Amino acid sequence: MSDANGRFGNSADLFDCRLGPSGRAGVLLPDGPQIDPLKITLDQPDDFDGWRDAARELVMAGVPPMSVVWQVRGEDGELFGSEGAVPPPSGEPMFSVPKPFLDMAKAAICHSEPQRFALLYALLWKLKANRRVLDDRADPLVDRLEKLAKEVRRDAHKMHAFVRFREVEEGEGTRFVAFFEPDHHIVRREAGFFVRRFATMRWSILSPELSIHWDPDGETLSEGPGASRADAPDGDPLEETWRTYYSSIFNPARLKVKAMLKEMPRKYWHNMPETSLVAPLIAGARARELEMIERAHANLPKADVPVPGGNVEAAWAALREEAMGCTRCDLHRCATQTVFGEGPLNPRIFFVGEQPGDQEDLAGRPFVGPAGQLFDAALEKAGIDRSTTYVTNAVKHFKFVLRGKKRIHSKPDTAEIDACRWWQEQERALIRPPLTVALGATAARSLTGKTVTISKVRDAPLTLADGSECWVTVHPSFLLRIPEEQRRREERARFVEDLMRIRDRAAELA
């Protein structure tokens, strides 16, 4: 591998200047005759390591770009060039490349442009003479490769957004299968994203070029041959829930068809159950928008104005029903039940806690145990009516360890938080709260996607991905665990102060 500076030299973990014997081919050397170009064959269309190793040796041997032909094994052969080994090093000194070049190369090499390998080697050759060439954005070669890298990243974004898994029963249990047809060679590159996001699921992603399969039991990621759309399942029972959810969050007032098609091209629609609703929703968008405006002008109380998309209650009920059967992580195996959020669907404040406790697990409701009682008392002191707020948890199942007959709370780990994050995101997407409160570090991580130190962010709001505000404070259970009486009183008073500040801010946003 290369280091942070991408050094080219005789180091086993950098750019090792040795190539396996495959015969000598003609090249255009600085002081030599012009003969046949050297053909370099890579194993895969996205073979960055292979390209890097070959490019390292070529540049150290003084082989210019015009004397190299690049191809991928198994693809159509070139008309010119001979397979061969790179000539011995020409005594060129070791040099380094900037990290942005490596980042660009790792992305651009996954593009479907046939000349990507040659373009990257040409830029590497220029970097040998001028290490600051990347700073010249007007350079045609730099500009072209930046565009290739950008298109690959955009394709990766589409894959993250539009992969839809469908449930399939097989001998080993449930497997979730998706089909995706990318524009570029990104499936292998993006496998890590899906492993991290769906670490506890057994899944497969099929594509025309190759397929990837994740087994959480053995924590192994394997590859298989390419597949067609016909090899993927047509649907599963949860697709009706998707359609209900999508129709409920559809906002006719914000409809921009051209922008929608740019972000969600029709080529992906075949694999997405909700897209069957797009045409009728667009057709009725104008009438629904006028109805919303008319109702808003009628000066109805805010709670009576229909939420854009309508039927939010049905969508929330469908989402809750789906959550009752959640198996995204192993916590469901020992917990009594899923503990979903509760409260009005038009709240000013949306509270997110950590996970259900022992009593919540048995009752099926959030914040009803000792921490919930302290929470209710603090809300009352702060002048907040809990019945007007929505309360949920970052993790929906109780995690515990047994000590005798007692179930003792155990903190959820990162994989469990991430696995359950989807539910919290869907709750917020349906309810669209103007202000969200993270009760504790676990809730803050679920909402922001990163580790948060409460003491550093407690006094000012964070901005979430949807643009809304998120305030962070302690979890009520923290207050129960403080042994010193004086400190416990101080921390409880501060918690009430946090809630009063949140109450006032929610009133400003209303």
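Glutamate 170 stands opposite glycine 173 in strand S7. S7 (residues 173-179) runs antiparallel to S6, and 5 bridges join the two. Strands count as paired if DSSP finds at least two bridges between them; strands (E, at least two residues) and helices (H or I, at least four) are DSSP runs, numbered from the N terminus.

This is a predicted model, where local features need pLDDT of at least 70, side-chain atom pairs count only at pLDDT 80 or more, and totals for chains, interfaces and linings use all residues. Residues are numbered from 1 along each chain as its sequence is written, and side-chain values use heavy atoms, leaving out hydrogens and water.

Now zoom out: 5 strands make an open, mixed sheet in the order S6-S7-S8-S9-S10. S6 (166-170) and S10 (220-225) are the edge strands, each pairing on one side only.

| Helix | Residues |
|---|---|
| H1 | 48-60 |
| H3 | 116-129 |
| H4 | 140-162 |
| H5 | 187-197 |

H2 itself spans residues 99-108, and its buried residues are Phe101, Leu102, Met104, Ala105, Ala107 and Ala108. Buried means under 20% relative accessible area, with a 1.4 Å probe and protein chains only.

Two of those covering helices also meet each other: Trp51, Ala55, Leu58 and Val59 in H1 touch Phe117, Leu120, Tyr121, Leu124, Trp125 and Lys128 in H3.

Note on methods:
Contact = heavy atoms within 4.5 Å. Axes fitted to C-alpha atoms, helices over the stretch in contact; angles between N-to-C directions. Buried < 20%, exposed > 50% of the residue type's maximum accessible area, 1.4 Å probe, protein only.
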